[in-house]
Amino acid sequence: MEILGFLRKHHERFISGAEISRALRVSRTAVWKHVGSLRSAGFSIEAHPSQGYRLTEEPDLLLPADLQEGLQTRFVARELHHLLSTDSTNRVARDLAAKGAPEGTTVIAEAQTRGRGRLGRTWFSPPRTNLYASIILRPRIPMPSVPQLTLVGAVAACRAIGRVYNGPGELGPRIKWPNDILMGGRKVSGTLVEAASLGEMLDYVVLGIGVNVNLEEKDLPTELAATATSLLIAGGRKVSRKTLACALFEEIEATYERFRAEGFAKLSGEYAALSDIWGRQVRVTLSEGVIEGTAEGLDSDGALRVSLAGGASERILAGDVQLLR
Ligand code: BTN
């Protein structure tokens, strides 16, 4: 993106293709091609036959150089891959991880063509309004503890959203076990954790997070209209995706570091405090059927405790929770 930097620096005047190619030591064809791809990414670049190019308008993109400017992390998003469009950032991050990408390597995309959700669902991923990010982590934990990273991601997403949101308190972000972030009872964010092992050992984990940021009510597909929301819908104003992305990466690093140093038990109290499902009637879909009861609390390993009508209590390790009332 050196060409973009050059165009930005000289945005008040036209600069010729020859000048750019000389300054950046690239061919004029490369300049021309790059200008073309910037345009298709939404940049307005005026071209004048004898004077050259001038940048007149920039789209709101999550460009790594801009994003990393104010980012306060040690390893998360220090290696940052930005894509205008991809099938799924989790798929890209998995490929990078399999080739040995270091912990913290992050993939963000402006749009996804096959965004993936939990339980084989799809994740609605239109261009340039939301946040789609996947972070590679390499914790030394046993495979059975991997689902706890979903809860780590939920704490981080809830805290990051809380940092940028300043609408009415009752619409503020809350966790619905295991990973949904709800605002006013509708889903604003979700986390998809995918792990790969090397024999018995965990090799890497990809923590994928999607947040609906500036999506408008009218842009929600009909099937999501009642259940999904965005920060714009909940808070009534646009939110800077860059500010939110930085907050998210910082919260992920901080929460993950605590998880790594102290284990999930120490985080469970905070997780429980960020959730308001306690005491509510829930229907939980499990692989072996459906149960209904009251969401009682969270065990120190992250399992959801549900009390059933007869007084018995069930520990849920994986399932889909629906709030009944
Ligand atoms: C859920 O079902 O709640 C999880 C949704 C996770 C969506 C994110 S968007 C970025 C990353 N890439 C994907 O394909 N999925 C995750």
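Two strands are taken to pair if DSSP finds at least two bridges between them. Helices (H or I, at least four residues) and strands (E, at least two) are DSSP runs, numbered from the N terminus.

The structure is a predicted model, in which local features need pLDDT of at least 70 and side-chain atom pairs count only at pLDDT 80 or more, while totals for chains, interfaces and linings use all residues. Residues are numbered from 1 along each chain as its sequence is written, and side-chain values use heavy atoms, with hydrogens and water left out.

**Sheets**

In strand S13 (313–316), Glu314 is the bridge partner of Val306. S13 runs antiparallel to strand S12 (residues 304–307), to which four bridges join it. The hairpin of S12 and S13 has five residues between the strands, and Gly311 takes a positive phi near 105° there. Both strands belong to an open, antiparallel sheet of five strands in the order S13-S12-S11-S10-S14. S13 and S14 stand at its edges with a single partner strand each, so one side of each is left without a neighbour in the sheet. On average, neighbouring strands of this sheet are turned by 45° against each other, direction ignored; the axes are lines fitted to C-alpha atoms, for helices over the stretch in contact, and angles run from 0 to 180 degrees between N-to-C directions. S14 pairs with strand S10 (residues 281–286) in the antiparallel sense over four bridges, and Arg283 stands opposite Gln322 in S14.

A further open sheet has seven strands in the order S3-S4-S5-S9-S8-S7-S6, with mixed pairing. Its edges are S3 and strand S6 (174–176), each with a single partner strand, so one side of each is left without a neighbour in the sheet. The twist averages 20° from one strand to the next. S8 and S9 run antiparallel and are joined by 10 bridges; Leu192 stands opposite Gly208 in S9.

**Pockets**

On a 1 Å grid over the protein atoms alone, a pocket is an open set of points where a 1.4 Å probe fits, with protein on both sides within 12 Å along at least five of seven lines; lining residues have an atom within 4 Å of a point. Grid points are joined across faces, edges and corners, and a volume is the space filled by probe spheres set on the points.

| Largest | about 860 Å³ | Arg121, Trp123, Asp180, Lys187, Leu224 |

The lining of the largest pocket has 12 nonpolar, 17 polar and nine charged residues, whereas that of the second largest pocket has 12 nonpolar, six polar and two charged residues. Here Ala, Val, Leu, Ile, Met, Phe, Trp, Tyr, Cys and Pro count as nonpolar, Asp, Glu, Lys and Arg as charged, and the others, Gly among them, as polar.

S8 gives the most to the lining of the largest pocket, with five residues. Domain 2 (64–273) and domain 3 (281–323) both give residues to this lining, so the largest pocket lies between them; the domain bounds come from an automatic or database domain assignment. Helix H6 (148–164) and S8 each supply at least two residues of the lining of the second largest pocket, which draws at least three residues from each of domain 2 and domain 3.
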